[in-house]
Amino acid sequence: DGGGDGDGGVGSLFGKGSGPKADPQYKEVMVRFRRLNDRYEKGCMKAEESLRDIRLDVVGTMKEIKEAAEKEAKKKKEQEETNQKELEKRVKSDIERGIPTQTIRQNYRPVVFYIEFDGDVMVSKMELLRKQVSLVVNLAKPGHDRCCISLTSSGGSVVHYGLAASHLARIRKAGIFLTVCVDSIAASGGYMMASVADTICAAPFAIVGSIGVVTTIPNIQRFLNEHKIDAYLMTAGKHKRTIDLVGDVTEEGKAKLSEELDDIHIAFKDHIALARPRLRDTIEEVGTGEAWLAVQAKEKGLVDEIMTSDEYLESVCEEFDIIEILEKMEKKQFGDQFNSSIMGRVVDKLQSTLETPAKSNMPMAII
């Protein structure tokens, strides 16, 4: 791991220090860097060496093979020395022209910032995603460095996935080429996020699409009536409630809720068409709520390349440094973990007891 604990004026950005004093419950998300090139370069080299050691080498003792191997090694070394001299010459020229050393470093070794996103219904890792995106926007050189996000999500809350997609849009707005890789699923809200990318890569059998909206609202009003239980729902505003847990279900309320879902669906399709102009003419065909395998989705324009995340990273590891931005987890003692678990259950119990009816009855649209 490199850079995760370094100083140099970026401590607060990495979560060092205490959170806002006004909120004692606030806990800053901490992140760290990890270079992944060794996973794809040295890992393969070591595997080749191990394979060579155990294979039966029927030509290894031949004089011609030994001489050819020596020539190959000598030629490789000479080429490396030539490349190093050329690099030194260019760097000296850049220094003489007054180019800052930080810019020189960036110019000669671009970076692919790598982020893994595994989304749940409410995007519980939103704060982590926000910080990861902020780091990419502030550290990457537009038009030079890149960003790759390995995305896994079957969707969730409209407002939360809308915000998550907006965070990814910040990367493109900053002029940084964004690639989203889908190894298993990017459906509904997950595809809302993926569509923001310049390029979408997906494994052949990954699930992609599901451009639609759904909501489920149980209603126990008839049960209450049968048991002669009165439940009062007081509202101000004609459409403050359409369908909820205890109120009467009316045709007007159902029509209004359906209208609201249609409005969200239209906004969803507009977002996809804006993010991927190639879908503007076919958005009504693909925006039906259906999901497809990636090989089918590519034909419909929802995916650009059939490729796993590992394939993509292997394809760029020679030209780019692959730097993963991931959460830095604190190591806890057993006693701390035990006490934290008990306190968490107590807090959850108090929160569920104190939750207001208005909040608990609020319908949530899922994309």
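Buried means under 20% relative accessible area, exposed means over 50%, and partly exposed is in between (1.4 Å probe, protein chains only). Keep that in mind on this tour of a predicted model, where local features need pLDDT of at least 70, side-chain atom pairs count only at pLDDT 80 or more, and totals for chains, interfaces and linings use all residues. Residues are numbered from 1 along each chain as its sequence is written, and side-chain values use heavy atoms, with hydrogens and water left out.

**Stop 1: Glu324 and Arg34**

Select Glu324, which counts as buried at 5% relative accessibility. Its side chain meets that of Arg34 in a salt bridge, 2.7 Å from N to O; the term stands for a side-chain nitrogen of Lys or Arg within 4 Å of a carboxyl oxygen of Asp or Glu. Glu324 lies in strand S10 (residues 321–327) and Arg34 in strand S1, so the pair ties together parts 290 residues apart in sequence. Helices (H or I, at least four residues) and strands (E, at least two) are DSSP runs, numbered from the N terminus. Arg34 is partly exposed, at 26% relative accessibility.

**Stop 2: more charged pairs**

Side chains of opposite charge can pair when their charged atoms come close. The count of salt bridges here comes to 14. One of them joins the side chains of Glu28 and Lys131, at 2.5 Å from N to O. This pair links distant parts of the chain, 103 residues apart: Glu28 sits in the segment before strand S1 (31–35), and Lys131 sits in helix H5 (residues 126–139). Lys131 is buried, with 3% relative accessibility.

Now select Arg35, Asp38, Arg109 and Asp321 together: salt bridges that share partners join them into one network.

**Stop 3: Asn37**

Next, go to Asn37 in helix H1 (residues 37–40). Is Asn37 buried or exposed? At 0% relative accessibility, it counts as buried. Show its polar contacts (pairs of N or O atoms within 3.5 Å; within protein, one must be able to donate a hydrogen and the other to accept it, and residues adjacent in sequence count only if both atoms are side-chain atoms). A polar atom of the Asn37 side chain lies 2.8 Å from the backbone oxygen of Cys317, and the Asn37 side chain reaches the backbone nitrogen of Ile322 at 2.6 Å.

**Stop 4: the nonpolar cores**

A nonpolar core is a set of buried Ala, Val, Leu, Ile, Met, Phe, Trp, Tyr and Cys residues joined through side-chain atoms within 4.5 Å. The largest has 54 residues, and those with the most contacts inside it are Val136, Ile149, Tyr191, Met193 and Leu302. Another core, of 13 residues, lies apart from it and includes Tyr40, Cys181, Val316 and Ile322. Center on Val136: leaving aside neighbours within four places in sequence, its contacts (heavy atoms within 4.5 Å) are Phe113, Ile115, Cys147, Ile171, Ile176 and Ile325.

**Stop 5: His160**

Finish at His160 in helix H6 (residues 158–173), a partly exposed residue at 26% relative accessibility. The His160 side chain makes a polar contact with the side chain of Ser157 at 2.8 Å. Beyond neighbours within four places in sequence, His160 is in contact with Met122, Val123 and Met126.
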